[in-house]
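Here is a protein model to look over together. Have it open while you read, and we'll go from one part to the next.

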Amino acid sequence: MINRNKSLIMAFGLLLLLIIVGFDVMKEKEKSTVYLKDALQDKFYIGTALNTDQIMGRDTAAMQVVKHHFNAIVAENCMKSANIQPREGVFNFNFSDRFVAFGEAQNMFINGHTLIWHSQAPKWFFTDQNGNDVSRDVLIQRMKDHITTVVGRYKGRVHTWDVVNEAILDDGSFRRSKFYEIIGEEFISLAFQFAHEADPQARLYYNDYSMSNPGKRAGVVALVKKLMAAGIPIDGVGMQAHIGLDHPSLLDFEQSLQAFADLGVKVSITELDLTVLPSTWKNRGAEVSDQYEYQKQMNPYAEQLPDSISKSFHERYEAFFKLFLKHQQHIERVTLWGVNDGHSWRNNWPVRGRTDYPLLFDRQNHAKPIVLSIIQIANP
Ligand code: XIL
């Protein structure tokens with residue numbers, strides 16, 4: 001009797017073990033064979049930004065993730081004017097050529113970032129040999145040459161361009177950039193016209209951060225309406241979406257998304273990342289020039305992320321992806337600003353040298369649980 005019981009218990013134990021192992025194998029299989037881009041197919045493109053190590057093929061592990069999970073790419077830095085035209089008339093296409101060729105070889109949706117932006121623009125763009133501001137006509141000509149050369153080079157190959165980046169401030173007024181100061185607000189319509197002339201097929205976007213902010217929303221809506229009324233070819237609005245755990249509110253974000261969609265243009269989420277780090281700074285946008293001093297208490301997860309924060313991170317991404325799926329008919333593309341946490345600019349902005357966890361893949365390129373959740377949410 002005792003022996004019989006023993007055998008029964010052993011048999012039961014074995015069965016349990018088999019079930020657990022089988023379940024794990026299934027989960028592993030599920031993890032490794034279902035990819036974001038397949039799960040989101042027919043909904044919107046799912047993209048990532050590529051840094052130069054990735055573009056040049058040096059970061060092969062990250063590139064595996066890119067090939068598996070993403071069907072859209074954007075260059076994190078190499079197409080910005082300071083990098084692509086460091087001196088007047090001297091273009092560096094080494095990286096951008098590789099970037100576009102990679103996207104084509106993988107049959108990906110390619111976004112060009114960005115043509116006209118006050119940041120990461122070379123000084124020469126706005127000044128003469130004596131260091132004085134150039135005239136309006138000269139700056140317009142330089143804009144035209146830049147756009148015509150860059151867009152023209154990738155004609156028919158780059159699907160969308162962020163033509164103008166960050167021209168509106170949080171209160172809805174125009175940013176006093178050099179473009180604005182020297183040319184006036186017309187620099188925006190001119191940029192779109194030049195881009196359209198260089199590649200009539202490319203779809204043209206206005207892109208900005210803090211787009212959920214009601215002031216910025218109103219400013220961008222007014223701008224797009226004005227451009228459309230004047231017959232300027234604008235096809236989309238890009239919401240950067242450098243978000244945090246408690247800002248912006250989902251409601252504000254949704255209202256902006258809806259307001260842009262109501263204009264009859266496409267919307268893309270262009271630079272999604274979710275910082276888990278504390279911020280005591282008033283400005284919660286993505287003003288690249290903001291830099292604050294390092295303090296240890298502002299870098300609380302240097303070793304690892306506590307479970308409670310991982311949970312909030314997970315729930316927050318879920319909420320945003322549910323929102324994107326709800327509005328999928330308006331959304332062309334959702335792009336993460338980087339492949340894995342180790343690559344993210346948020347480790348260094350707005351404070352250098354912190355350890356952040358803002359993306360969908362960890363520093364070892366492993367998919368976080370949120371990846372599977374997104375896949376499931378997309379296919380209920
Ligand atoms: C960031 C890059 O990620 C950094 O590597 C670079 O040092 C600064 O710019 N808004 C944009 C992006 O449109 O181009 C910025 O990218 C982040 C904010």
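In helix H11, the buried residues are Phe253, Glu254, Ser256, Leu257, Ala259, Phe260 and Ala261. Buried here means under 20% relative accessible area, with exposed over 50% and partly exposed in between, using a 1.4 Å probe and protein chains only. Helices (H or I, at least four residues) and strands (E, at least two) are DSSP runs, numbered from the N terminus.

This is a predicted model, so local features need pLDDT of at least 70 and side-chain atom pairs count only at pLDDT 80 or more, while totals for chains, interfaces and linings use all residues. Residues are numbered from 1 along each chain as its sequence is written, and side-chain values use heavy atoms, leaving out hydrogens and water.

What covers those buried residues of H11? The cover includes these elements, where contact means heavy atoms within 4.5 Å:

| Element | Residues |
|---|---|
| Helix H10 | 214–229 |
| Strand S6 | 236–239 |
| Strand S8 | 266–275 |
| Helix H12 | 307–326 |
| Strand S9 | 331–336 |

H11 itself runs over residues 250–262, and at 1.5 Å a residue its 13 residues should span 18 Å, which agrees with the 18 Å between its end C-alpha atoms. (The expected span is 1.5 Å times one less than the number of residues.) After H11 comes glycine 264, with a positive phi near 90°.

Now for a helix pair. Helix H7 (residues 136–153) packs against helix H9 (residues 186–198) at an angle of about 35°, and their axes are 9 Å apart. Axes are lines fitted to C-alpha atoms, for helices over the stretch in contact, and angles run from 0 to 180 degrees between N-to-C directions. On the H7 side, the residues that meet H9 include Ile140, Met143 and Ile147; on the H9 side, Phe187, Leu190 and Phe194 are among them.

Is asparagine 340 buried or exposed? Asparagine 340 is buried, with a relative accessible area of 3%. You'll find asparagine 340 in the loop between S9 and helix H13 (369–378). Leaving aside residues up to four places away in sequence, asparagine 340 touches Leu359, Phe361, Asp362, Arg363 and Asn365. Between the C-alpha atoms of asparagine 340 and isoleucine 147 there are 31 Å, and the two are 193 residues apart along the chain.

Zooming out, the protein has 13 helices and nine strands. Buried residues make up 53% of its 380 residues. Its C-alpha atoms fill a box of roughly 100 × 45 × 40 Å along the principal axes.
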